[in-house]
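Below are some notes on charged side chains and one surface patch, for your review. Please read them alongside the coordinates.

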Amino acid sequence: MHMQYSENQHVPLTYYGFAVNNMHLKGHNANCISNKGFFIHSFDSKKNLIYHNILQLLDELKERRYSYATKVDAIFREILVDILRLQPQTDDIENISESHLTNRKLLNDVKEYIEEHFAEGITVNDLIKVSFMNKSYFLHQFKKQFNISPMHYLNLVRIEQGKLLLGNTARSITQIAADVGIGNPVYFTELFTKTVGVSPTMYRKIILGQSKYD
């Protein structure tokens with residue numbers, strides 16, 4: 001259902017797994033940090049204490065310096081506490097499954113990505129990577145969540161930005177098309193006309209004509 005990618009195509013994706021025995025946390029099943037048996041959290045970057053401590057723990061295991069086992073135990077306890085602090089106060093969310101919450105978060109991330117990077121040459125594959133889903137599942141879930149396909153939404157964002165530039169700048173249609181991520185001004189004009197109902201040139205005339213009377 002979900003897929004994960006390395007942030008760099010030249011660097012393999014790395015998983016760090018921890019198996020714990022005889023761990024008993026108040027309010028949780030044995031060897032579990034959540035009543036559901038798992039917990040998912042996405043960091044914005046590698047600059048977080050948990051990732052730093054994982055690397056430090058691995059270094060201790062590799063170098064095996066004096067009393068490394070004690071140090072490893074201490075680092076792991078710190079990692080465990082920090083992971084527990086990331087969780088909501090309760091796991092009990094009625095009528096909403098964990099997978100549904102995760103999907104909604106990932107799809108909102110894709111939507112925000114489009115709104116922030118619309119001026120770039122975004123492809124479906126780029127959005128799939130952001131979603132961590134396979135293609136068919138992603139396209140279906142995005143349409144289900146927002147009642148619009150991801151590429152159609154991308155075009156709408158570009159057109160809205162184009163409308164702002166037409167009304168507030170003197171930039172040419174070709175320049176505006178490039179500014180919103182559409183390299184072909186003819187295609188931009190066709191898409192704009194189909195979406196808005198008038199051509200970019202006519203839209204600018206209408207907006208500038210209205211502003212004279214504001």
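**Notes on the predicted model**

1. The backbone oxygen of Glu120 lies 2.8 Å from a polar atom of the Arg158 side chain. The model is predicted.

2. Arg158 belongs to helix α6 (residues 150-168). Arg158 is buried and has no salt bridge; Asp126, the nearest side chain of opposite charge, is 8.3 Å away. Beyond neighbours within four places in sequence, the contacts of Arg158 include Phe118, Gly121, Ile122, Val180 and Ile182.

3. The count of salt bridges is eight. One of them pairs Asp59 with Arg65, with the closest N and O atoms 2.6 Å apart. Asp59 is partly exposed at 33% relative accessibility, and Arg65 is partly exposed at 39%.

4. Helix α3 (residues 98-117) holds Lys105 and Asp109, four residues apart and so separated by about one helical turn. Their side chains form a salt bridge at 2.8 Å, N to O. Relative accessibility is 46% for Lys105 and 24% for Asp109.

5. Lys111 and Glu115 are also four residues apart in helix α3, about one helical turn. Their salt bridge has its closest N and O atoms 3.2 Å apart. Lys111 is partly exposed at 25%, as is Glu115 at 33%.

6. A nonpolar surface patch consists of Tyr16, Phe18, Leu55, Leu58 and Leu61, together with about 410 Å² of accessible area. Leu55 sits in helix α1 (residues 49-63) and is partly exposed, at 37% relative accessible area.

Definitions and conventions. Residues numbered from 1 in each chain as written. Predicted model: local features only at pLDDT ≥ 70, side-chain atom pairs only at ≥ 80, totals over all residues. Heavy atoms only, no water. Helix = DSSP H or I, 4+ residues; strand = E, 2+ residues; numbered from the N terminus. Buried < 20%, exposed > 50% of the residue type's maximum accessible area, 1.4 Å probe, protein only. Lys, Arg positive; Asp, Glu negative; His and termini not counted. Salt bridge = Lys/Arg side-chain N within 4 Å of Asp/Glu carboxyl O. Polar contact = N/O pair within 3.5 Å; in protein donor to acceptor, adjacent residues only side chain to side chain. Contact = heavy atoms within 4.5 Å. Patch = residues over 30% accessible without salt bridge, like charges linked within 9 Å, V, L, I, M, F, W, Y side chains within 5 Å. Areas by Shrake-Rupley, 256 points an atom, 1.4 Å probe, with all protein chains shown as cover.
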